[in-house]
Amino acid sequence: MIEIVASERCIACDRCIDVCPTRVFDRGPDGVPVIARHSNCQTCFQCEAYCPTDALFVAPLATPAPANSEFRDAAGLATAGVLGSYRRELGWGRGRALGARTAVGPDYPG
Amino acid sequence: MTNTEAIETLRTDVLVIGGGPAGTWAAIKAAQAGVDVVLADKGYTGASGATASVGTGIWYVEDVPELREAAMASREALGGHLAERDWMARVLDETHARMRELGEVQRYPFPVDTNGQPIRDDLQGPEYMRRQRTRVQRLGVRILDHTPALELLVDDDGVVSGAVALDRASGRTVRIEAGAVVLAAGGCAFQSKTLGCDVDTGDGALMAVEAGAVLSGMEFSSAYAIAPMGTSLTKTAYYSWASFYRADQTVLEGAANYGGRSVIAKTLLSEPVFARLDRATKAERVAMRRGQPNFFLVFDRLGIDPFTDFFEITLLAEGTVRGTGGVRIADSSCGTDVPGLYAAGDTATRELICGGFTGGGSHNAAWAASSGSWAGQGAARFAIGRGRPGAELRPVGGAGLRPTGTVDVGHRDVVAEVQRQVLPYELNYLRHGDRLTPALKSLHDTWSEVRAGLGAAGEDVFRAREAAAMVAHGRWMYHAALARTESRGMHKRADFPAQDPEQRRRLLTGGLDDLWSRPESAATVLVGGHAA
């Protein structure tokens, strides 16, 4: 589920508010999105893929992460290079090669 | 729905409901036919549904007779011989053309082989769907995001003439009058948390049946996907390289991704099951990471190396998303049994190309692109021939919208009750009449409560409607499952374990308060003049 909106990275572009299929976000008073309906999150990673500044983090769990979870530690995730890792794999973002161009899996076992 | 003051009315030629692959292809082909198109999605066209969040194989076969023959023959027995060669052949043709178009016009970056030829049998969901959205926009289609359709509109002759939808952000009702409607609203996965499918609640089937359509193959709705415990990662292809284990790390005999998934289900009833992708070579492991990066995204974040670590798994219900049942297709342009109404993608039955079984996304993906394109063209032709509908249109939605009594049922309770009857393996996967009968009875009771007392206001209107659609879907599934007294395709009955040659025909199901199922008669499906 979505766990982090890193406000210092956010440019208030509203992309995540638009693309989220289940309307998890509302625009906060300062323009930074807030997680208004956490339980709506279907852990589909779309918001993270569309965030142009890698300000969002979707934890791999389909239920909320506990308060002391590493999945709620924005600084730790940024240091570990995890923020933006999905977008990097997709090759979305200026100057990156699209991942789809090289997405060739192995032949399936007979 | 009582809030008539908040109604905004749009008028168009073709309304497409659902913005996944089927809906976007429908919008593209209708717009290319020269008509005005509105595309409404419950979430966001480009990010919603089963495809946008995944990578999917697609049933794309090079135009070589031997390869096509092998592709068609390979799945006929698995599907219980309910598919049709005519439909398979035209889906292969159409998929070939659409994937070429996707590369050349949408500029989808297909990988290339060592000869520089594009490899078009696999799609990365986010990349595919964002390009579909851009194409739809460039063709001048009006896109309505976060606007779930609630019910269809029909004219005095029963011709489908648009829909009423809800703008979730404003809470306003939008009335969209149209010359024809394409339902491409996905299947139903009962909000089991299968990847990207919380929006797939069977709304299309409910709206279609309320307008007079019938369903086909609803018994083929027992698909379950493997996922690491606690996640939404229902991408199963790579489990072809998995071994399955008990908690003590002994091998779970008979368990397999294909042909042994029911062993996993049976075991999960009493103990945890673990997997490890330990049958992949080093080279295959590298290729897998390249092929499906979002599969590894979840493992990486969990700190699990799926090739060397044992990880606990579960099975999540995929209902009619990976099942093959849906709205019956009555003609070659994906028209339904109701004039003005077309069905595409997972909303429609996919039995025509894969019978009662689909192992993965590839047939569904090919069907979505093909049926969407045909439905868009068919709807455009119908709308041109008919003209815009008159002013006297009637909304046909019932359950969840217009309770017959006092509102005393909440949508969350209804969803929880449906899930209790359709998610458990011992009910829906490992089917037996002794268990299906009481489950169906319970769903009937829930339906009666929904009819009488489920309603909502504001944004929750569509939540109530989703809950009603899921109850209806579960009832159609189990009614059909009880009517097919044999095992065929994915539908396995423990009390009827054998395939019965007498039941080698598709099964139609319908009705709202009183359900019915009956065999499809031999001459009812026509393709290019050939009776099925």
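**Exercise 1.** Decide whether B:Phe307 is buried or exposed.

*Solution.* Start with the cut-offs: buried means under 20% relative accessible area, exposed over 50%, and partly exposed in between, with a 1.4 Å probe and protein chains only. B:Phe307 has 8% relative accessibility, so B:Phe307 counts as buried.

A word on the model: it is predicted, so local features need pLDDT of at least 70 and side-chain atom pairs pLDDT 80 or more, while totals for chains, interfaces and linings use all residues. Residues are numbered from 1 along each chain as its sequence is written, chains are lettered from A and ligands numbered from 1 in the order in which they are written, and side-chain values use heavy atoms, leaving out hydrogens and water.

**Exercise 2.** Classify the aromatic pair of A:Phe45 and A:Tyr86, then the pair of B:Phe296 and B:Phe307.

*Solution.* First, recall the rule: rings of Phe, Tyr and Trp (its six-membered ring) pair if their centres lie within 6.5 Å; planes under 30 degrees apart are stacked, over 60 edge-to-face, and the rest tilted. Over all chains, the structure holds 20 aromatic pairs. For A:Phe45 and A:Tyr86, the centres are 6.1 Å apart and the planes at 75°, so this pair is edge-to-face. Both A:Phe45 and A:Tyr86 are buried. For B:Phe296 and B:Phe307, the values are 5.8 Å centre to centre and 35° between the planes, and the pair is tilted.

B:Phe296 lies in helix α9 (residues 293-302) of chain B and B:Phe307 in the loop between α9 and β13 of chain B, so the pair ties together parts eleven residues apart in sequence. Finally, look around: B:Phe296 and B:Phe307 belong to one aromatic cluster, whose members also include A:Tyr108 and B:Trp241.

**Exercise 3.** Find which ring the charged end of B:Arg90 sits over, and do likewise for B:Arg130.

*Solution.* The test is that NZ of Lys or CZ of Arg lies within 6 Å of the ring centre and within 35 degrees of the ring normal. The charged end of B:Arg90 sits over the ring of B:Trp87, 4.7 Å from its centre. B:Trp87 and B:Arg90 are among the buried residues of α4(B). For B:Arg130, the ring is that of A:Trp92, with the charged end 4.1 Å from its centre.

Note on methods. Helices (H or I, at least four residues) and strands (E, at least two) are DSSP runs, numbered from the N terminus.
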